[in-house]
Amino acid sequence: MIRLSQVKKAFNQGRHNEFWALRGVDLHLELGGVTVFRGPSGSGKTTLLTMVGCLARPSSGRISLGGRDISALPERFLTDIRRSTFGFVFQSFNLLKGITALENVMIPAYPLGGDHGALKRRALALLERLEMADKAQSQAEWLSGGEAQRVAIARALINDPQVVIADEPTANLDSERSAQFLDIVSGLKRDGKTVLMTSHDPLVADAPVVDRVVGLRDGLIDGDG
Ligand SMILES: Nc1ncnc2c1ncn2[C@@H]1O[C@H](COP(=O)(O)OP(=O)(O)OP(=O)(O)O)[C@@H](O)[C@H]1O
């Protein structure tokens, strides 16, 4: 379970261009299920997910994960929690060019050590599940948008995270690919994963697989259902 208490985030704090992207968010996220964060551009959705996923720290307020306060932990502990708990799918997918799809999927597991052969088999199994096995040896830059996204999803899953965070996952996809993405999300939900997404896309927010839609406006929660 993830709990945010009065989480605030300022950018450029103390400077003339100080901006409060989050202005006091209280939120309780149960593990399991699919939550979508919706709101106008600039309302703080991405900022909120980066706090939840331990990619950045709040300026004030508390975030706890499974009852443990993680907001004030030193960076190396945050990195460990991030690696073991969260998988990320970024809007632009962020695959590394010049290496294969398979190698991209394997990268987040390298810092954890372990047997290379077993890791490769796990990565291939994930690509297989996402119907991308035939592209395992393709260079990342050769992949189409939908293919790149599926590789990014496999990469997000390689360390078997409890929580998958996806920022505007359908922004670069046509409606058929978006529907396929939602099928993948259904599969993750069946596997017991918690999925947290931001989305402008009504196709996503209104999808039957979504359990909860949290609205954000001007850095505050604006509707939760
Ligand atoms: N590193 C930064 N430095 C300064 N301002 C920032 C930074 N990151 C985000 N912001 C500002 O914080 C606000 C919230 O940004 P955020 O990316 O969380 O919005 P969002 O709701 O995800 O928007 P979108 O739907 O357009 O992706 C925006 O006004 C943005 O310009």
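1. Six strands form an open sheet in the order 6-7-8-3-9-10, and the pairing is mixed. Strands pair here if DSSP finds at least two bridges between them. Strands (E, at least two residues) and helices (H or I, at least four) are DSSP runs, numbered from the N terminus. Strand 6 (86–89) and strand 10 (220–224) are the edges; each has a single partner strand, so one side of each lacks a neighbour in the sheet. From one strand to the next, the twist averages 20°.

2. Basis. This is a predicted model: local features need pLDDT of at least 70, side-chain atom pairs count only at pLDDT 80 or more, and totals for chains, interfaces and linings use all residues. Residues are numbered from 1 along each chain as its sequence is written.

3. Strand 9 (residues 212–217) and strand 10 run antiparallel and are joined by three bridges. R217 has L220, in strand 10, as its bridge partner.

4. Helix 1 on the sheet. Helix 1 lies across strand 3 (33–38), strand 7 (163–167), strand 8 (194–198) and strand 9. It runs at about 150° to strand 8. Axes are lines fitted to C-alpha atoms, for helices over the stretch in contact; angles run from 0 to 180 degrees between N-to-C directions.

5. The ligand shell. The ligand is surrounded by 13 residues, with F11, A21, S41, T46 and T47 the closest. Helix 1 (45–52) and strand 2 (19–29) each supply at least two shell residues. Helix 1 gives the largest share, three residues. By type, the shell has nine polar residues, three nonpolar and one charged. Ala, Val, Leu, Ile, Met, Phe, Trp, Tyr, Cys and Pro count as nonpolar, Asp, Glu, Lys and Arg as charged, and the others, Gly among them, as polar.

6. The core. The largest nonpolar core has 59 residues; A101, V105, L127, V151 and A154 touch the most other members. Helix 5 (residues 145–157) gives the most to this core, seven residues. Such a core is a set of buried Ala, Val, Leu, Ile, Met, Phe, Trp, Tyr and Cys residues joined through C-beta atoms within 7 Å. Beyond four places in sequence, the contacts of L127 include A101, V105 and A154. Contact means C-beta atoms, placed from the backbone, within 7 Å.

7. Q162. This residue sits in the loop between helix 5 and strand 7. Q162 counts as partly exposed because it has 16 C-beta neighbours inside 10 Å. The cut-offs are 20 or more for buried and 12 or fewer for exposed, with partly exposed in between. Beyond four places in sequence, Q162 contacts L31, T85, K193 and T194.

Methods: Two residues are in contact if their C-beta atoms, placed from the backbone, lie within 7 Å. A residue is near a molecule or strand if its C-beta atom, placed from the backbone, lies within 6 Å of it.
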